[in-house]
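Let's take a tour of a protein chain, one piece at a time. Keep the picture open while you read, and look for each residue as it comes up.

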Amino acid sequence: MDSQLKRGILNICILQLLKEDRYGYDLIKIMQKFFPDTEESTLYAILRRLNQEGVTEVYYSDISNGPTRKYYKLTVEGEKKLNDYMLEWKNIENIFREMGLL
């Protein structure tokens, strides 16, 4: 898959998964089921960038008998971004359908 296309799809998938707060490792394991050739470092880089852009925020939580976990959650801006991505995705689907590609 083209790297730019894949990056865009990864962004959409990560934002969708972050509709529910998740810690990094959990998110990576889910994503690697669908994108097994994607490196952890790539996914963590996307998470850092999304956080810097203000579409996610981070908080830490202690779990009993375990390490502190870094959780990611969508911000209001992140929800808007996800909605924008989904509208774009539907437009692309419509174009493909009209072209007979779907």
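## Ground rules

The areas themselves come from the Shrake-Rupley method with a 1.4 Å probe, and for residues only the protein chains shown count as cover. Asp 21, for example, is partly exposed, because its relative accessible area is 33%.

What you're looking at is a predicted model, where local features need pLDDT of at least 70 and side-chain atom pairs count only at pLDDT 80 or more, while totals for chains, interfaces and linings use all residues. Residues are numbered from 1 along each chain as its sequence is written, and side-chain values use heavy atoms, leaving out hydrogens and water.

## The big picture

The protein chain has four helices and three strands. Both kinds are DSSP runs numbered from the N terminus: helices are H or I with at least four residues, and strands are E with at least two. Follow the sequence along and you get the pattern α-β-α-α-β-β-α. Along the principal axes, the C-alpha atoms fill a box of roughly 55 × 30 × 20 Å.

How much of the chain counts as buried? Of its 102 residues, 30% do. The chain exposes about 7000 Å², with carbon and sulfur atoms supplying 50% of that. Now for contacts, which means heavy atoms within 4.5 Å. Take the contacts with a separation of 6 or more: 45% of them are between residues 24 or more positions apart.

## Helix H2 and its buried side

Which residues of helix H2 are buried? In this helix, residues 24-34, they are Gly 24, Leu 27, Ile 28, Ile 30 and Met 31. They sit on the same side of H2 because they cover an arc of only 165° around the axis. That arc is taken from the directions from the helix axis to the C-beta atoms.

And what do these buried residues pack against? Their partners are helix H1 (3-17), strand S1 (22-23), helix H3 (40-52) and strand S3 (68-74).

Leu 17 is in helix H1, and it is buried, with a relative accessible area of 18%. If you skip neighbours within four places in sequence, Leu 17 is in contact with Arg 22, Leu 27, Ile 30 and Met 31. Leu 17 and Leu 27 are 10 residues apart in sequence, and their C-alpha atoms are 7.5 Å apart.

Arg 22 lies in strand S1. Is Arg 22 buried or exposed? At 13% relative accessible area, Arg 22 is buried. With residues up to four places away left out, Arg 22 touches Leu 17, Leu 27, Ile 30, Lys 70, Tyr 71 and Tyr 72.

Thr 38 is in the loop between H2 and H3. Its relative accessibility is 5%, so Thr 38 counts as buried. Apart from neighbours within four places in sequence, Thr 38 is in contact with Lys 6, Leu 10, Gln 32 and Leu 43.

Gly 54 lies in the loop between H3 and strand S2 (56-62). This glycine is partly exposed, at 30% relative accessible area. Gly 54 and Gly 78 are 24 residues apart in sequence, yet 7.2 Å apart in space, C-alpha to C-alpha. Leaving out residues up to four places away, Gly 54 touches Thr 75 and Glu 77.

## The largest pocket

A pocket is found on a 1 Å grid over the protein atoms alone: it is an open set of points with protein on both sides within 12 Å along at least five of seven lines, and lining residues have an atom within 4 Å of a point. The largest pocket holds about 190 Å³ of space. Its lining includes Leu 5, Tyr 85 and Trp 89. H1 and helix H4 (76-98) each supply at least two lining residues, and H1 gives the largest share, five residues.

How values were computed. Buried < 20%, exposed > 50% of the residue type's maximum accessible area, 1.4 Å probe, protein only. 1 Å grid on protein atoms, 1.4 Å probe; cavity = no way out; pocket = protein on both sides within 12 Å on 5 of 7 lines; lining within 4 Å. Points joined across faces, edges and corners; volume = space filled by probe spheres on them.
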